[in-house]
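The following exercises are to be worked through with the sequence and the coordinates at hand.

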Amino acid sequence: MEKRANYTRDRNLLLLCYFLFYYVLLLSFCHDGRLLSQYQPVFFSENRDLTELALIASGLPRWMIAHPWAFRVADCLAFLLPVPLIWQGFRDRRFSVVPGVVFVLYLALYLLLDDIFWQVHHEPFLVLVLLSLTWTTRKADRFYLLLAGCRYYFLYVFVSAAIWKIARGAVFNPGEMSRILLFHHKDLLIGPCASPLCRAYRWLIDHPSVSSLLYLGGVVLEATFIIGFFTRRRDRLLAALAVIFVIADLLVMRIPYWMILIGTYPLWLRKAGYPAVKKILVYETTHHENLPALLDLCDQEFSEVTVFLKELSYHHLTGEGSPEHRWPRAEFVIQTRDCGNPRFLWQLFSFLRRHDYSHLHLATLDNNLLLVALRLLFLDRVHVSLTVHEINEYTIPSWRGLRDWSETIAKRLLHGRIRHYHVFLPAMADLLQQRLPGCVAVFIPSRFYASHRQPGWALPAPPPYRIVVPGSLDPNRRNYGDIDQTLRLLLSDPAMPPIQLVLLGDSSTPAGSAILTSFQSLAGDRLTLRHFSGYIPEAGYEGELATAHLLWSPLNIHKQSSRRASETYGLTTASGLTADLLLSDVPALVPTGFSVPDVFGAALHTYRSPEDAATFLRDILFNAAAYAHTRVEIRQAFTFFSKENFTGLFRQLIDR
Amino acid sequence: MAADPKPLTHSRKKGLLALMIGFFILQAGFDLAHSVTAFPFVHYGMFSERFPNPESLPAFEILADDRPLRAAGFGIYRWDMIQQPLEAFDRWERTGDYAGDKARMKTIFPGLYALVSSHLDNPPGLATTFPGWYRKYLGRLLGRPVHRLRVEKLSYGYEPFGIVVLAKSPWINCD
């Protein structure tokens with residue numbers, strides 16, 4: 001299926017390039033009076049070519065001279081014969097080999113006639129003829145085999161030219177280039193020779209050592225194409241060298257050899273088809289908490305999995321054992337602190353190409369977007385997918401500063417290149433598909449629910465009731481005032497059971513310290529406070545969640561992304577809460593306005609005000625029977641978050 | 001456009017490969033032979049021969065209605081199309097309508113030559129028809145009728161101070 005899609009794309013692209021090239025060529029013939037009907041020859045030449053001699057012997061050239069209307073017919077056929085091929089190619093009709101064979105034979109005949117009548121010198125046109133053989137087949141394997149043959153022929157043209165110059169000693173002949181220039185440009189030199197180009201030729205003729213260097217450079221450039229016989233990894237470099245050669249040939253020798261450039265098409269394609277082995281490379285920066293589900297699925301669907309990630313992310317990827325232990329088939333390549341992001345990305349792309357990976361998933365892309373976008377343009381064989389954390393930031397352009405400009409351009413390129421997306425909420429998937437029509441966007445949670453990790457899940461644990469507020473203490477993202485006021489309301493009731501408030505985020509920042517001070521003023525016998533400084537190790541983080549009775553995420557529903565795009569929690573971006581919930585099947589509180597996804601509905605409860613939140617705590621958290629019932633419901637609902645239920649969606653994500 | 005997903009059979013693939021390898025061997029063979037080619041087996045040895053220091057540079061001086069045509073005034077291909085018929089006609093004249101090649105063919109393949117010899121000759125009277133044809137052709141290229149055409153064969157020498165005419169002989173004169 002993969003190869004088939006690729007073949008259709010490659011064939012259509014060749015159809016477009018080839019016939020665009022072909023008609024430009026014919027029109028250039030027309031412009032320079034080189035069509036047979038324009039030339040209307042009265043004699044033919046023998047050019048010491050056996051095929052041409054056979055054609056002359058057939059009597060056709062002589063007959064055409066006697067019947068000049070035949071030249072018009074010949075030109076008309078050259079223009080019209082590709083039409084059935086193009087029609088057949090784009091209309092996707094039943095394939096017939098006849099138009100292809102007729103075209104190949106006629107193209108060869110037309111070039112032979114051109115050479116017989118006006119010395120077209122068909123060397124640069126041969127690649128055009130050979131490529132036309134691809135119109136005689138519709139088998140993917142045969143198509144690619146013919147392209148491979150054309151590729152080798154194209155390389156041969158250059159290498160052969162270099163070998164001739166070396167073997168016949170011209171490259172060792174002092175003043176060779178000077179004499180070639182003199183002979184080749186004699187018609188220009190005879191005249192006034194006032195143009196800068198003509199004066200440059202004179203200067204080169206008068207300075208044989210410099211012109212010899214040019215000749216030597218040309219031979220080296222031609223010889224470079226020998227690399228292509230041993231590896232395809234430098235094909236695009238060789239294609240670029242071919243372009244340079246053609247430009248240099250035009251400038252120095254006044255030989256317009258541009259028609260040979262159609263031969264670079266197989267070089268741009270690199271290898272035919274996608275890699276046979278399914279191997280995925282995952283790139284992650286700091287959102288490692290979202291990786292577990294992806295890695296579980298990658299482990300199941302791919303023969304090889306490699307994760308490029310930061311050192312910190314690697315160490316905190318899992319709270320249970322090492323990442324290698326949890327995903328034994330995955331390899332981890334760690335970005336050390338002294339390795340910058342561009343260098344690490346460079347290593348990633350080199351690794352990807354060197355080891356022929358079929359898939360690349362960008363789990364987080366928050367730096368060097370333009371670099372990544374440009375590199376992806378040259379990775380057409382790799383299936384690329386991306387996790388979108390913030391939809392507005394990814395889809396809405398911003399032109400405020402230089403970085404915004406570069407990232408907006410990069411995102412435009414990424415929109416064209418990446419058509420498969422992963423998000424953390426079903427609503428985000430729908431919105432992204434609206435924003436990027438035709439793309440595939442799938443919802444896969446950060447991790448799968450593992451009930452075994454919550455021993456005693458349904459038991460109403462004794463007080464103190466542990467209310468955990470996960471996430472960094474950031475007033476831009478969370479409204480801690482709601483919790484503060486709710487606790488004050490509860491504390492005013494002497495019957496309130498003891499509570500432990502766990503601020504599960506770094507409180508050592510200036511903003512965090514202010515929030516902490518506010519809560520410390522409430523602390524006493526019935527309210528204890530637990531807080532952390534610095535980064536919380538994953539094991540500790542998960543441990544706190546596992547013993548929580550309630551999660552509370554006092555989100556500011558509307559927030560600004562790091563690039564100042566306006567985002568809405570539950571719609572354009574997901575909170576880390578959805579990842580945390582699956583670690584502990586306890587109820588969670590979120591403010592009204594948060595778009596609660598159905599799949600998390602059993603666990604997420606909204607509140608309009610501190611009073612509303614206090615009521616919930618009294619009715620559910622402090623009520624043993626109600627609390628136990630809630631957790632049973634949550635547990636049943638969370639069985640939905642199993643690997644089996646998301647395998648299909650993951651396959652959509654990685655399917656080409 | 002739907003593609004045929006059925007893979008090629010092994011023998012077919014091998015056949016195509018053999019065909020391609022054969023093509024390259026023939027190509028290399030013709031490359032080595034060099035003096036003769038057989039399209040599509042051509043050689044890419046241009047500018048590889050050792051160029052001796054030219055004693056003189058042959059060229060055509062074309063005067064259309066007494067005005068000389070200069071390369072600098074035309075595009076590369078356009079100038080090529082002005083020069084090329086003259087070179088071809090000159091070659092035709094010098095070789096006596098490629099008499100040497102025909103004689104060789106007659107020696108090697110007498111039967112075949114007898115069969116096709118009438119097709120190998122250019123139309124009779126070319127020496128007289130060519131000047132008139134070329135004058136009209138030149139008129140089409142220049143976009144104006146040429147009433148008086150003169151072509152001279154010149155021989156130039158390259159000196160440090162410039163190009164000098166070494167010899168000059170009239171060739172085509174057509175009014």
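**Exercise 1.** Determine how helices H10(A) and H13(A) are oriented to each other in this predicted model, and which residues make the contact.

Solution. Two packed helices are described by the angle between their axes and the distance between the axes. In chain A, the axes of helix H10 (residues 176-184) and helix H13 (residues 208-224) come within 7 Å and cross at roughly 90°. Angles of 65 to 115 degrees count as roughly perpendicular, and H10(A) and H13(A) are therefore roughly perpendicular to each other. On the side of H10(A), the contact is made by Glu176(A), Met177(A), Ser178(A), Ile180(A) and Leu181(A), while H13(A) contributes Pro208(A), Ser211(A), Ser212(A) and Tyr215(A). Sorted by class, the contact of H10(A) with H13(A) has five nonpolar, three polar and one charged residues.

**Exercise 2.** Classify the ring pair of Phe448(A) and Phe646(A), and then the ring pair of Phe130(B) and Tyr134(B).

Solution. A pair of aromatic rings is described by the distance of the centres and the angle of the planes. The search of the whole structure finds 57 aromatic pairs over all chains. For Phe448(A) and Phe646(A), the centres are 5.9 Å apart with 35° between the planes, and the pair is tilted. This pair links distant parts of the chain, 198 residues apart: Phe448(A) sits in the loop between strand E7 (440-443) and strand E8 (465-470) of chain A, and Phe646(A) in helix H30 (residues 643-654) of chain A. Both Phe448(A) and Phe646(A) are buried.

For Phe130(B) and Tyr134(B), the centres lie 5.7 Å apart and the planes stand at 20°, so this pair is stacked. Phe130(B) and Tyr134(B) both belong to helix H5 (residues 126-142) of chain B, where they are four residues apart, about one turn of the helix. Phe130(B) and Tyr134(B) are both buried. Ring pairs also link them into a cluster, whose members include Tyr39(A), Phe43(A), Trp92(B) and Trp171(B).

**Exercise 3.** Decide whether Lys165(A) is buried or exposed, and which residues it touches.

Solution. Lys165(A) lies in helix H9 (residues 140-167) of chain A. With a relative accessible area of 8%, Lys165(A) falls under the 20% limit and is therefore buried. Leaving out residues up to four places away in sequence, Lys165(A) touches Ala170(A), Val171(A), Tyr215(A), Val219(A) and Glu222(A), together with Met46(B), Phe47(B) and Ser48(B).

**Exercise 4.** Describe the surroundings of Leu128(A).

Solution. Leu128(A) is placed in helix H8 (residues 126-132) of chain A, and at 2% relative accessibility it counts as buried. Apart from neighbours within four places in sequence, Leu128(A) is in contact with Tyr18(A), Phe21(A), Tyr22(A), Leu25(A), Leu107(A) and Ile262(A). Leu128(A) and Met259(A) are 131 residues apart in sequence, with a C-alpha to C-alpha separation of 7.9 Å.

**Exercise 5.** Describe the backbone at Pro40(B), His121(A) and Arg254(A).

Solution. Most residues other than glycine have a negative phi, and most peptide bonds are trans. The peptide bond from Phe39(B) to Pro40(B) is cis, with omega near 10°, and Pro40(B) lies in the loop between helix H1 (10-33) and strand E1 (57-64) of chain B. His121(A), although not a glycine, has a positive phi of about 60°; His121(A) lies in the loop between helix H7 (98-118) and H8 of chain A and is partly exposed, with a relative accessible area of 48%. Arg254(A), likewise not a glycine, has a positive phi of about 55° and is found in the loop between helix H14 (235-253) and helix H15 (265-269) of chain A.

Key: Residues are numbered from 1 along each chain as its sequence is written. Chains are lettered from A and ligands numbered from 1 in the order in which they are written. This is a predicted model: local features need pLDDT of at least 70, side-chain atom pairs count only at pLDDT 80 or more; totals for chains, interfaces and linings use all residues. Side-chain values use heavy atoms; hydrogens and water are left out. Axes are lines fitted to C-alpha atoms, for helices over the stretch in contact, and angles run from 0 to 180 degrees between N-to-C directions. Helices (H or I, at least four residues) and strands (E, at least two) are DSSP runs, numbered from the N terminus. Angles under 35 degrees count as roughly parallel, over 145 as roughly antiparallel, 65 to 115 as roughly perpendicular and the rest as oblique. Contact means heavy atoms within 4.5 Å. Ala, Val, Leu, Ile, Met, Phe, Trp, Tyr, Cys and Pro count as nonpolar, Asp, Glu, Lys and Arg as charged, and the others, Gly among them, as polar. Rings of Phe, Tyr and Trp (its six-membered ring) pair if their centres lie within 6.5 Å; planes under 30 degrees apart count as stacked, over 60 as edge-to-face and the rest as tilted. Buried means under 20% relative accessible area, exposed over 50%, partly exposed in between (1.4 Å probe, protein chains only).
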